[in-house]
Every structure is written in C-alpha cells, then in structure tokens.
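Subject: Structure handover

Dear colleague,

I am passing on the structure below, followed by notes on what was found in it. Please read the notes with the model open beside them.

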Amino acid sequence: MNCDSCDQELVITPSKDNPRKTRLSWDETFMSLALIVAQRTTCKFHTAGVVMVDKDKRIISMGYNGPSAGDLHCIEHGCAKVDGDPKTEKLLRCRGAHAEINSIINAQDTKRLSGATMYSALYPCYDCMKALNNAGIKEIVYFQKYERIKTGGEGKEEESEAAQLAKSRDIILRQYTPKLKISFSSDE
C-alpha cells in the first residue's frame, strides 16, 4: 500500500519479502492518536481530541469533547447552545466539557502534566488555555484553529486571548502539518 500524498510504502504486515523501511515520527504518532480520539466527540460542531505526552514520549492521558458524566449529549439531544433545551428550546450554555479539560481530569494526578506536550485536533479555547497553563503544559501541537460557535449558531468567532496567554507564559504553540496521509480502503 502506498501513501496517497507521497511515494512512501506503508507496510501493515511486514514479511521477509516486504520488510518495514520506515516508521511514524512522534508527531505523526501522537497527532494521529489525537485525531482518532476526536472521533469519540459528541459535539456536533467541534471534533476535538487530545493526547498528553510526557518528556519521555509516554502517553499520560487522552480526552475528547463530551458532556459531563450522565448529562445529555449533542448527537442525541441537540446542541444546547444552538438548538436549545430539548424540552423548552431555550438557548443554554454548552453542556460539553472540552477535550483539554477531560484530558487533565483523566491524568488523575496533574503533577504528571508538568512539562508535558499536548497534541490536539483543535487549538485550545481561552478557558482551556488557562487550565493548561495551570497544569504546566509546556508545548501545544494542534491540527486546526478553533473558532467558537456564537450563541444561536449564527456564525463563529476567533479567540485571541489564548495565544496571548500562551505567549506570556512561554508555552510553545506549533501547528501540525502532516507529511503523511494514510488511507485504507475496504471492499465491503
């Protein structure tokens, strides 16, 4: 199988006649995991997943966008901010906890996050950046910029405060640019 965006051969089942010649970089590995974890998201508008990694390249935790335990989620009941409460239709605040917050919670001991790198499908919002700063994250590698959905779903808006906070706290921000595109086809 060949990579769609380059001539690199991807060997899924190596053999004597077809041995592996390369492997994914750390960035490719952890961003791929973040993008896969993001597929668990219950938000209708933001597909967000995060992988926290320590300085020795060990995974500390993962998280994705979703409601707090036991609450309604968007895919089944609609977005509280855009569609409103399922009973009253009144527009409410988002029920979701962001991937970044869930990954901090999933770390169980936030001391483990001090000096860590976060790989994220989306650039963090300002509220998440504050939590990441307090947890001691040193580097954020993100796939796409985040734009907040306005109440009622009438447009999106950027947040500049997150970048300002990262800069003032010397948190490294780096947008991930994929070098490798993997696609699998199925005859099913």
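One cut-off is needed before the rest: a residue is called buried under 20% relative accessible area, exposed over 50%, and partly exposed in between. The model is a predicted one.

Lys57 has a relative accessible area of 35%, so this residue counts as partly exposed. Its place in the chain is the loop between strand 1 (49-53) and strand 2 (59-64). The backbone of Lys57 is worth a look: phi is positive there, about 65 degrees, although the residue is not a glycine. For background, most residues other than glycine have a negative phi.

Asp170 is another residue to look at. It is not a glycine either, and its phi is positive, near 60 degrees. Asp170 sits in the loop between helix 5 (161-168) and strand 9 (172-175). Is Asp170 buried or exposed? Its relative accessibility is 65%, so it counts as exposed, the cut-off for that class being over 50%.

Now the chain as a whole. It contains 5 helices and 9 strands. Read from the N terminus, the order of elements is α-β-β-β-α-β-α-β-α-β-β-β-α-β. The chain has 188 residues, and 38% of them are buried. Among contacts with a separation of 6 or more, 59% are between residues 24 or more positions apart. The accessible surface of the chain is about 11,800 Å², and carbon and sulfur atoms hold 48% of that area.

The last item is the largest pocket, which holds about 580 Å³ of space. It is lined by 29 residues, and Lys81, Cys94, Gly96, His98 and Tyr146 are the closest to its centre. Which elements supply at least two residues each to the lining? They are strand 3 (66-67), strand 4 (96-97), helix 4 (126-135) and strand 7 (148-149). Of the elements, helix 4 gives the most, with 3 residues. Sorted by class, the lining of this pocket consists of 15 nonpolar, 8 polar and 6 charged residues.

If you want places to start, go to Lys57 in the loop between strands 1 and 2, then to Asp170 in the loop between helix 5 and strand 9.

Regards

Note on methods. Residues numbered from 1 in each chain as written. Predicted model: local features only at pLDDT ≥ 70, side-chain atom pairs only at ≥ 80, totals over all residues. Heavy atoms only, no water. Helix = DSSP H or I, 4+ residues; strand = E, 2+ residues; numbered from the N terminus. Buried < 20%, exposed > 50% of the residue type's maximum accessible area, 1.4 Å probe, protein only. 1 Å grid on protein atoms, 1.4 Å probe; cavity = no way out; pocket = protein on both sides within 12 Å on 5 of 7 lines; lining within 4 Å. Points joined across faces, edges and corners; volume = space filled by probe spheres on them. Nonpolar A, V, L, I, M, F, W, Y, C, P; charged D, E, K, R; others polar. Contact = heavy atoms within 4.5 Å. Areas by Shrake-Rupley, 256 points an atom, 1.4 Å probe, with all protein chains shown as cover.
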